[in-house]
Amino acid sequence: QVQLVESGGGLVQPGGTLRLSCAASGTFFSINTMGWYRQAPGNQRDMVATITSGGDTKYADSVKGRFTISRNDAENTVSLQMNYLKPEDTAVYYCNSHVDTLTQGFRVFWGQGTQVNVSS
């Protein structure tokens, strides 16, 4: 089984910064794409940013130029640097990983979510 644990959420003023981190643990062969998604109350869960094992990144239009996703394969972590935060960035942020489990093929795992509040 694979566990994803997020950290780094909190309350920040508009224009501020936060850095989210997610660590994968358990028994697996490799991790393919990792990403961050978010869900605001009453909304669906949307992609924020993803990064492949080769380092290719993709961002939602709303965060381009403000957020940066990165990964450390030696530590099985993915991070999201969030700059120039806006109130509309307020949401629960979820870590996501596509994992080669060896025994069950590729599976998608989610973290428990971390709350980000942007407010003055």
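This is a short talk on the side-chain contacts in the structure above.

The model is predicted, so local features need pLDDT of at least 70 and side-chain atom pairs count only at pLDDT 80 or more, while totals for chains, interfaces and linings use all residues. Residues are numbered from 1 along each chain as its sequence is written, and side-chain values use heavy atoms, with hydrogens and water left out.

I will start with the disulfide. The structure holds 1 disulfide, the term meaning a pair of cysteine sulfur atoms within 2.5 Å. The bond joins Cys 22 to Cys 95, with an S to S distance of 2.1 Å. Cys 22 is in strand β3 (residues 18–26) and Cys 95 is in strand β9 (residues 91–100), so distant parts of the chain, 73 residues apart, are linked. Strands here are DSSP runs of E with at least two residues, numbered from the N terminus; helices would be runs of H or I with at least four. The torsion about the S-S bond of Cys 22 and Cys 95 is about -80°, which means the disulfide is left-handed. Are these cysteines buried or exposed? Cys 22 is buried at a relative accessible area of 1%, and Cys 95 is buried at 0%. For these labels, buried is under 20% relative accessible area, exposed is over 50%, and partly exposed is in between, with a 1.4 Å probe and protein chains only.

Next, the salt bridges. Side chains of opposite charge can pair when their charged atoms come close. The rule asks for a side-chain nitrogen of Lys or Arg within 4 Å of a carboxyl oxygen of Asp or Glu, and the count comes to 4 salt bridges. One of them is between Arg 38 and Asp 89, where the closest N and O atoms are 3.0 Å apart. Arg 38 belongs to strand β4 and Asp 89 to the loop between β8 (77–82) and β9, 51 residues apart. Arg 66 also forms a salt bridge with Asp 89, at 2.8 Å between the closest N and O atoms. That pair links the loop between β6 (57–59) and β7 (67–72), which holds Arg 66, to the loop of Asp 89, 23 residues apart. Asp 89 is buried at 1% relative accessibility, Arg 66 is buried at 10%, and Arg 38 is buried at 13%. Another bridge runs from Asp 61 to Lys 64, with 3.1 Å between the closest N and O atoms; Asp 61 is exposed at 64%.

Last, the rings. What does a search of the whole structure find in aromatic pairs? It finds 1 aromatic pair. Rings of Phe, Tyr and Trp (its six-membered ring) pair if their centres lie within 6.5 Å, with planes under 30 degrees apart called stacked, over 60 edge-to-face and the rest tilted. Tyr 37 and Trp 110 are edge-to-face, 5.1 Å centre to centre and with 70° between the planes. Tyr 37 is in strand β4 (residues 30–39) and Trp 110 in strand β10 (residues 106–110), so the pair ties together parts 73 residues apart in sequence. Trp 110 is partly exposed at 37% relative accessible area.

Trp 110 has a further contact: the charged end of Arg 45 sits over its ring, 4.7 Å from the centre. The charged end of Arg 45 also sits over the ring of Tyr 94, 3.6 Å from its centre. The criterion is NZ of Lys or CZ of Arg within 6 Å of the ring centre and within 35 degrees of the ring normal.
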